[in-house]
Amino acid sequence: QVQLVESGGGLVQSGGSLRLSCAASGSILSINDMGWYRQAPGKERELVAKITSGGSTNYADSVKGRFTISRDNAKNTVYLQMNCLKPEDTAVYYCNAVVRIRWYGSFSTYWGQGTQVTVSS
């Protein structure tokens, strides 16, 4: 079993900052890509940012320059530093990881339970 547990969400004023963390645990042999997605009410889930095992990153255009994704491979943890937050950033944020749990197996995708981020005007 693999579990992803997010933390760091909450309520913040427009222009403020939050740092999300997601720790993976369980039967993990290796982790490839990790990422953050979000889903606002009435909208589809969208990619916010992702990071490869080698540290390459990609961001949604809407968050470029404001959000930074990073990871600590020793802790199996991915972070999302969110600065200059806007009300339109309000959503449930989900952690994602592509994990290999068996030597003979392929990588599989796992999701966290989600953490609420609310940005007030």
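In soluble globular proteins, nonpolar side chains tend to be buried together.

This is a predicted model, in which local features need pLDDT of at least 70 and side-chain atom pairs count only at pLDDT 80 or more, whereas totals for chains, interfaces and linings use all residues. Residues are numbered from 1 along each chain as its sequence is written, and side-chain values use heavy atoms, with hydrogens and water left out.

## An open sheet

Four strands form an open sheet in the order S1-S3-S8-S7, with antiparallel pairing, where two strands pair if DSSP finds at least two bridges between them. Strand S1 (2–7) and strand S7 (67–72) are the edge strands, each pairing on one side only. S7 is joined by six bridges to strand S8 (residues 77–82), and the two run antiparallel; Ile69 stands opposite Leu80 in S8.

## A buried arginine and its partners

Arg38 has its place in strand S4 and counts as buried because its relative accessible area is 6%. Its side chain meets that of Asp89 in a salt bridge (3.0 Å, N to O), a term for a side-chain nitrogen of Lys or Arg within 4 Å of a carboxyl oxygen of Asp or Glu. This pair links distant parts of the chain, since Asp89 is in the loop between S8 and S9 and lies 51 residues apart from Arg38.

Asp89 also forms a salt bridge with Arg66, with the closest N and O atoms 2.8 Å apart. Arg66 lies in the loop between strand S6 (57–59) and S7, so the pair ties together parts that are 23 residues apart in sequence. Both Asp89 and Arg66 are buried, and a network of salt bridges links Arg38, Glu46, Arg66 and Asp89.

## A salt bridge with an exposed partner

Asp61 forms a salt bridge with Lys64, the closest N and O atoms being 3.3 Å apart. Asp61 is exposed, with a relative accessible area of 65%.

Note on methods
Buried < 20%, exposed > 50% of the residue type's maximum accessible area, 1.4 Å probe, protein only.
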